[in-house]
Amino acid sequence: MVVEEPNSGENVEKSDSGTAVAEPPKIFTVEILHMIKDAQQQHGLRHGDYQRYRGYCTRRIRRLRKALKYPQGDKRHFKRRDVTLAHLTGKKADERFIHIPLISAERAWAYAMQLKQEANTELRKRFHLINKLRRACFYALQLQELCNTEAFDARTKLECEAYVAWMHGTLHFELQLWDSAGEHLKRAQVVYENLAKALPEDDQELYRAKVNEFTPNLRYCAYNISGGASGGKIDEILELRAQGVLENLDVLVSQTKTESSEGLQTIDWRGRKVTVRPEKVRLFLLSTQELDKSLAKTAKLDAKIELIERILMDCKDAIQAVRDEIKQDPKLRSLTTGQTVSGVQYLLAYLSYIRHSRTLQRNLCLVDQAKLNFDDPNQKQATQAQGDGKRVRPQDLARLYEIILQNVTEMQQITGMEEDAQYQNEVANLALTFKAFRCYYIALTLIDMKKWKEAVALYERASNYANESLKGKPCAEFQLQSDLKKMVSTIDGSKFSAHAYSVLEDDNSEDATGVSTKAQKTSKPLYERLSQYKEDQSLHTRAPNVFKLTPDMEPIPCKPLFFDLAMNYVELPSLEDKLESPGKKGASITGFVKGFLGWGGGGNK
C-alpha cells in the first residue's frame, strides 16, 4: 500500500502533463493585402520609387530575423534557414514568422519593377527582371504552403491564394504567356471580389481597388489571345496605352494596322480626293479613324487628353514625312498665288488641319477639366465645382481661351487654304465663338476686382460676339451653339446685375464722402462749409464750432526795399559864384602873416 501511493501520485502528474500538451493550437489571421498596401504607400510606392521600397523590405527582414532570433548563419558564414510549420505551431508559435516569406516576395517583386523601369534604356536588364519575378513566385509558394495549414484561418488562406495568383500572373504577363497570365489574374480577381463581398463595408474599398487594377492587364491578355487582327479591338488597345499599361504598344499597333492600311489609298476632304503614298501617313490616318471611338468610350478627361496627345505625336511624324517628300520634288517647294494646290501640298494642308483641330479638341478638354473646379457666380443654382483639385479662377479660363484663339488663328493661316472662302468663314465663325467665351470670363475677372462698369462693357461685347456667331454658319466639327445660347441667356441677367452693383457703388462712395465730411466737423468751422448741408449736433451745444475767433496766421509778402537810382541822372547847379576871387585871396594871406607876427593887431590899442 505504501508503494502504490506514490505510483498513484505519479499517474496523476502524468495525466496533468498530458492535458497541458493537448492545448488547442493558435490560429492566426494575417491581412496580407492590407499589410503590403500600407507598407507600399508609406515607403516609396506612392511616388513610384521601387528602390526605396526594396530597401525597406530588406531592413524589415533583417529586423524580423533578429527579433525572432532566427538568423541565416553568422557574420562569416551563410546558412539558409527557411520558415517551417514548426515555427507557427506549439508554445513558441509567433505570427511574425509568416511575415518573412511575404516580405521576401515583396522585395523580389519591387526589384523586378525597378528593373522594368530601367529596361527602357538597357534591354539586358529584362532578363534580370524575369529572374526576380521567378524568385518572388518562389517565396509566394512558400507563403501559400504555410498558410494552407490549420494554423491560419479561412480569410488568410483566401488572401494568400489571391496573392500567389497575382504574382504568377505578373510573371507570365512579362513572359508573354497570355493564356496562363489571364487565368492567374482572373483567379486573383475572383478571389478578391468574393473577399470584398464577405467583409464589412469599411474593408471593401481596398479590395475593390485591387480588383480594378487587374482589368487593363486582363483586357490586353484577351486581345493577344484573340490574335489582335479584329479592327474592333484597336480602340481598346489605344485606351490601354493612355493608361500607361503597355510599353511596346506603338510596335504592336503598327503591326496590327499594317494589314488594314493597304486599303487606305486616298482621302476625301472638302470635296477633293488626294492619294496617300507615305506609309506613316496611312497608319496615322487609320489611327485617327479609331480615335473618335476610343474617346466616346473613355469617360475620364485625363484619359481623353492622353489619347489626343499621343495622336498629336503621330501627326507630327506624318507631317514630317510629307514635308520630306515635298523637298525631294523641286516643283512642289514653292506655291505662287493663284496656282492650283498640288495633291501632296493639299495632303500637307489636311494633316495640318488635323493637328490644329486635335490640339483644339485637347484644349477644350482642358477647359472642361478646369470647369470642374470652377465656381461660376452667375450660376448659383447650377452644379458647382465638383473636382478635388485647386480652385480655378476666371482668369485661368480666360487664358485657356486665349490659347485656343491662337490655335484658331493658325488654322486660318494653313498653307493652301487661304482662297477657300467657305473654310475661312467657318474658322472665322469659330473664332467669334471663342472670343465670346473669353470676354465672358474676363468680365468675371473684373467682377472679382469690383470693376462693375468695365464688366458691363465686356458682358455687352461677349453678347455681341455670341449673337454674331449664332447668325453665321457653325463649324461641323465643333458644335458649340448650345453653349453659346446658354451663355447669352446668362449674360442678359448678369449684365443688369453688374450695372446695379455699379450704381450701388456710386451711392456708397457718396455716403463715404459724407461720412468723411461729418468726421471733420470738429476741425472745420461752419463758415467754411456753408455750401454743404450736413447735420451737426455740435451747433446746438454751448460751444458751437461756427467761427474761429483767433484767425490763423497767414503768410504775407515782406516790406519791399527801395533803391535811389535817380541820383545818377540828376544835374547839379554850378557853384562857381560861391568861390573867392584871386585878389582877395592874396590880401588874406598878408593879413594872415601879419596876424601871425603880431603886426597890426588891434588888441594892443
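Predicted model: local features only at pLDDT ≥ 70, side-chain atom pairs only at ≥ 80, totals over all residues.
User: Where does T170 lie, and which residues is T170 in contact with, leaving aside its neighbours within four places in sequence?

Analyst: T170 lies in helix α6, which covers residues 154-174. Once the neighbours within four places are set aside, T170 is in contact with M113, L133 and L185. Two of those names come back in a moment: M113 belongs to the α4 side of a helix contact and L133 to the α5 side.

User: OK, helix pairs then. How are two packed helices described?

Analyst: Take helix α4 (residues 99-118) and helix α5 (residues 125-147): their axes come within 8 Å and cross at roughly 160°. Over 145 degrees counts as roughly antiparallel, so α4 is roughly antiparallel to α5. The crossing of these two is left-handed.

User: Which residues make the contact of α4 with α5, and how do they divide into nonpolar, polar and charged?

Analyst: From α4, the residues include L102, A105, W109, M113 and L115. From α5, they include L129, L133, A136, Y139 and L143. The contact of α4 with α5 divides into 16 nonpolar, three polar and five charged residues. K116 of α4 and R135 of α5 are among the residues making this contact.

User: What about α13 and α15: at what angle do their axes cross?

Analyst: Helix α13 (residues 343-371) and helix α15 (residues 421-448) cross at roughly 20°, with their axes coming within 15 Å. Angles under 35 degrees count as roughly parallel, so α13 is roughly parallel to α15. The crossing of α13 and α15 is left-handed. On the α13 side the contact is made by Y353, L360, L364 and K371, and on the α15 side by Y423, L430, F434 and Y441. Those residues divide into seven nonpolar, no polar and one charged.

User: Last thing, confidence. What pLDDT does the chain average, and where does pLDDT stay under 50?

Analyst: The chain averages a pLDDT of 78, and 78% of the residues score at least 70. Among the stretches where pLDDT stays under 50 are residues 1-21, for which the model has zero contacts beyond four places in sequence. Residues 229-234 also stay under 50, with five contacts beyond four places in sequence.

Conventions:
Residues numbered from 1 in each chain as written. Heavy atoms only, no water. Axes fitted to C-alpha atoms, helices over the stretch in contact; angles between N-to-C directions. Helix = DSSP H or I, 4+ residues; strand = E, 2+ residues; numbered from the N terminus. Parallel < 35°, antiparallel > 145°, perpendicular 65-115°, else oblique. Left-handed = near helix turned anticlockwise from the far one by under 90°. Contact = heavy atoms within 4.5 Å. Nonpolar A, V, L, I, M, F, W, Y, C, P; charged D, E, K, R; others polar. pLDDT = per-residue confidence, 0-100.
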